[in-house]
Amino acid sequence: MNTSVSHPPLRGGLGGLERIILGIDPGTNIMGYGLIIEKGSSVELMTMGVLKLARYDNQAMKLKKIFERTLAIIDEYHPDELSVEAPFHGKNVQSMLKLGRAQGVAMAAALYRNIPIFEYSPKKIKMSVTGSGSASKEQVAAMLQTILKHQHPAEYFDATDALAAALCHYLQRRKTQMPSSYSGWKSFLADNPNRIVK
């Protein structure tokens, strides 16, 4: 079962470059996903939601559902790139193994459709979206609402985490494509007051 908030897919715009980025936050009980569309110099929310997996007792069945749902999202929205949170090092080896499998299955679905994959650490994603690598999930979700100008509260942070991964990739690509015109943090914050985490 999946729950989502969505807008109709947008493709082939008249205003120039359009690129769709799929962000996925794989998990063994809930998989979050979020899609954004880059249109010229702006970015908009397309859809976000979760796939609930807790009702499946069999780990193999959960992985099958992750693969199938990821493939279905790709076939419906035709993303150009996949952004996923890189594995983090935890103390529970079994949990890490399960998470790694879930991530691998989602990535395999993208590879099956020849979608390029980009990985970012949790800290990098938080830093890109909020300006702080130690931001809370609530702060990340609030900043996403501000940046993407949407009023659709996510039912689960898994969806906003996935959306944050997609936005992180968008922001990182823009950062490499545009020369920096800031002399320091002061000038950056003067032009970007909405990036300050409160």
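Residues are numbered from 1 along each chain as its sequence is written. Because the model is predicted, local features need pLDDT of at least 70 and side-chain atom pairs count only at pLDDT 80 or more, whereas totals for chains, interfaces and linings use all residues; side-chain values use heavy atoms, with hydrogens and water left out.

The protein contains six helices and six strands, taken as DSSP runs numbered from the N terminus (helices H or I, at least four residues; strands E, at least two). From the N terminus on, these elements follow the order β-β-β-β-α-β-α-β-α-α-α-α. Of the 198 residues, 43% count as buried, where buried means under 20% relative accessible area, exposed over 50% and partly exposed in between (1.4 Å probe, protein chains only). Among the contacts (heavy atoms within 4.5 Å) with a separation of 6 or more, 67% are accounted for by residues 24 or more positions apart.

In soluble globular proteins, nonpolar side chains tend to be buried together. A nonpolar core is here a set of buried Ala, Val, Leu, Ile, Met, Phe, Trp, Tyr and Cys residues joined through side-chain atoms within 4.5 Å. The largest such core comprises 24 residues, and those with the most contacts inside it are Ile36, Val129, Leu144, Leu148, Leu163 and Leu167. Two or more residues are given to this core by each of β3 (30–39), β4 (42–52), α3 (122–130), α4 (137–148) and α5 (157–177), and the largest share, eight residues, comes from α5. When neighbours within four places in sequence are left aside, Leu144 is in contact with Val129, Lys149, His150, Thr160, Leu163, Ala164 and Leu167. Apart from this core lies another, of 22 residues, which includes Ile20, Tyr33, Leu63 and Tyr77.

Two packed helices are described by the angle between their axes and the distance between the axes. Axes are lines fitted to C-alpha atoms, for helices over the stretch in contact, and angles run from 0 to 180 degrees between N-to-C directions. The axes of α3 and α4 come within 9 Å and cross at roughly 45°; the two helices are therefore oblique to each other, a class that holds the angles left over when those under 35 degrees count as roughly parallel, over 145 as roughly antiparallel and 65 to 115 as roughly perpendicular.

Most residues other than glycine have a negative phi. Against this background, His78, in the loop between α1 and β5 (81–85), has a positive phi near 50° and is partly exposed, with a relative accessible area of 46%. Asn114, in the loop between α2 and β6 (117–120), likewise has a positive phi, of about 60°, and is exposed, with a relative accessible area of 69%.
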